[in-house]
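The following exercises are to be worked with the sequence and the model side by side. Each task is followed by a solution in steps.

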Amino acid sequence: MTFQFNFTIEGHLENEITPLGDGVLTLDSSKESSALENRKGKQKDRKCSTEQSDLPQNHLWEYASVGNAGASQDTDTPLSATNSSEDLGPCAKQLCLTVAKEHAVPKDLKKVLENKAIEMLPGLQHVNISVVKNILLKENFPGENIVSKSLSSHSDLIPGVYEGGLKIWECTFDLLAYFTKARVKFSGKKVLDLGCGSGLLGITAFKRGAKEIHFQDYNSLVIDEVTLPNVVSNSTLEDEENEGNEPDIKRCRKSKPQELCKCRFFSGEWAEFCKLVLSSEKLFVKYDLILTSETIYNPDYYSTLHQTFLTLLGKNGRVLLASKAHYFGVGGGVHLFQKFVEERNVFETRTLEIIDEGLKRFLIELTFKYSS
Ligand SMILES: C[S@@+](CC[C@H](N)C(=O)[O-])C[C@H]1O[C@@H](n2cnc3c(N)ncnc32)[C@H](O)[C@@H]1O
């Protein structure tokens with residue numbers, strides 16, 4: 001199994017990864033697993049004291065019901081949004097937080113695609129997605145130095161520093177295939193691509209008529225250099241079944257392609273992202289659909305991730321989650337996450353598909369147990 005990188009490697013490190021023609025680099029699954037294995041030790045060094053939350057079930061409702069940063073659409077339900085890191089779960093306090101920020105879409109869209117080569121992603125049925133290859137993604141980018149850190153540590157992930165968004169992970173393709181197979185409806189929906197990396201899930205959502213799409217990644221550089229360029233490069237294509245005609249979109253369309261007017265981009269750690277997105281709208285409307293691929297590799301993040309779903313998902317919404325069965329070395333995986341979710345007794349989990357080729361992978365759906 002191979003993975004594509006959409007950035008170029010500095011000369012002295014080039015030999016460590018196998019080029020796949022035309023500057024695209026590959027890493028096989030065994031390397032991915034061993035890269036993950038390296039992480040456990042590093043993680044122990046970095047993390048601030050982590051005690052997994054074992055809240056009694058009835059505390060979950062307290063947890064979710066205090067003051068909103070932005071008033072929420074669902075304020076009448078016990079699952080209302082929260083605004084403090086205390087409310088957002090213990091991990092928020094323990095992780096070395098990356099402050100969240102919203103990334104504006106640059107006025108000059110040509111600049112976003114500067115130094116990028118664009119290619120069509122092969123092998124996707126019923127959806128055409130192009131991706132950028134960054135020509136100059138080197139360590140002198142302002143703010144984050146994650147490319148060289150990732151390469152020099154021989155790791156696809158460095159906890160709290162770089163969480164893997166520069167490359168396209170395998171389960172993204174599983175979820176894309178599922179969208180087609182299961183005819184997942186995006187039309188008119190508000191969608192979050194959580195831990196978006198390249199943003200292919202969110203891009204598919206906007207191509208299939210989602211009303212609004214938010215992209216979130218841990219790393220600011222990933223949003224600026226990968227997600228945003230990918231969205232821009234796809235937004236010039238024709239919509240497949242676009243139904244959005246809101247007046248504000250019409251207004252925005254004069255200066256930007258229509259799809260871009262529906263998109264917002266955020267970077268930062270999940271608890272911080274929740275606070276930011278809730279406070280960014282006067283009346284925050286929760287997501288109908290949260291799409292997330294390869295985000296449950298680290299059990300230390302489960303509490304924050306669970307709280308993010310709890311805080312941001314609309315009461316009749318659903319999470320579509322794709323994951324490998326197990327992430328060797330890091331310890332996370334589907335069964336551990338499902339157990340975590342079941343113990344909290346807020347969400348119902350349902351296995352949608354098991355892909356049993358190469359590394360075993362799962363597609364899971366989460367919905368609120370008590371939605372009415
Ligand atoms: C392994 S990458 C997967 C990227 C992409 N979804 C894919 O399938 O190609 C995991 C993603 O989850 C996000 N992520 C992981 N842990 C996070 C955390 N604690 N806070 C915010 N984002 C996190 C990172 O931004 C990263 O892009």
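**Exercise 1.** In which sense do S7 and strand S8 pair, and over how many bridges? Determine also how S7 is placed in this predicted model.

*Solution.* Step 1: locate the two strands, S7 at residues 190-194 and S8 at residues 212-217. Step 2: their pairing is parallel and comprises five bridges. Step 3: sort the side chains of S7 by direction. Lys190, Leu192 and Leu194 point one way, while Val191 and Asp193 point the other way. This may be set beside the general rule that side chains of a regular strand alternate between the two faces of the sheet. Five of the five residues of S7 are buried, so the strand is largely enclosed by the rest of the structure.

**Exercise 2.** Identify the buried and the exposed residues of helix H13 (residues 334-344), and state how the buried ones are arranged.

*Solution.* Step 1: Val334, Phe337, Gln338, Val341 and Arg344 are the buried residues of H13. Step 2: viewed down the axis of H13, these buried residues fall within an arc of 125 degrees, so they line one face of the helix. Step 3: the face turned away from that buried side bears the exposed residues His335, Lys339, Glu342 and Glu343. Step 4: just after H13, Asn345 adopts a positive phi of about 60 degrees.

**Exercise 3.** Which residues come nearest to the ligand, and into which classes does its shell divide?

*Solution.* Step 1: of the 21 residues around the ligand, Gly164, Gly165, Gly195, Gly197 and Tyr218 come nearest. Step 2: the shell comprises eight nonpolar, nine polar and four charged residues.

**Exercise 4.** Report the confidence of the prediction for the chain and for the complex.

*Solution.* Step 1: the chain has an average pLDDT of 73, with 62% of the residues scoring at least 70. Step 2: pLDDT is below 50 over residues 1-94, a stretch that has 183 contacts in the model beyond near neighbours in sequence. Step 3: residues 237-247 also stay under 50. Step 4: for the complex, the predictor gives an ipTM of 0.99 and a pTM of 0.75.

Definitions and conventions:
Residues are numbered from 1 along each chain as its sequence is written. This is a predicted model: local features need pLDDT of at least 70, side-chain atom pairs count only at pLDDT 80 or more; totals for chains, interfaces and linings use all residues. A residue is near a molecule or strand if its C-beta atom, placed from the backbone, lies within 6 Å of it. Ala, Val, Leu, Ile, Met, Phe, Trp, Tyr, Cys and Pro count as nonpolar, Asp, Glu, Lys and Arg as charged, and the others, Gly among them, as polar. pLDDT is the predictor's confidence in each residue, from 0 to 100. Two residues are in contact if their C-beta atoms, placed from the backbone, lie within 7 Å. A residue is buried if 20 or more other C-beta atoms lie within 10 Å of its own, exposed if 12 or fewer, and partly exposed in between; C-beta atoms are placed from the backbone. Helices (H or I, at least four residues) and strands (E, at least two) are DSSP runs, numbered from the N terminus. The arc is that of the directions from the helix axis to the C-beta atoms. Two strands pair if DSSP finds at least two bridges between them.
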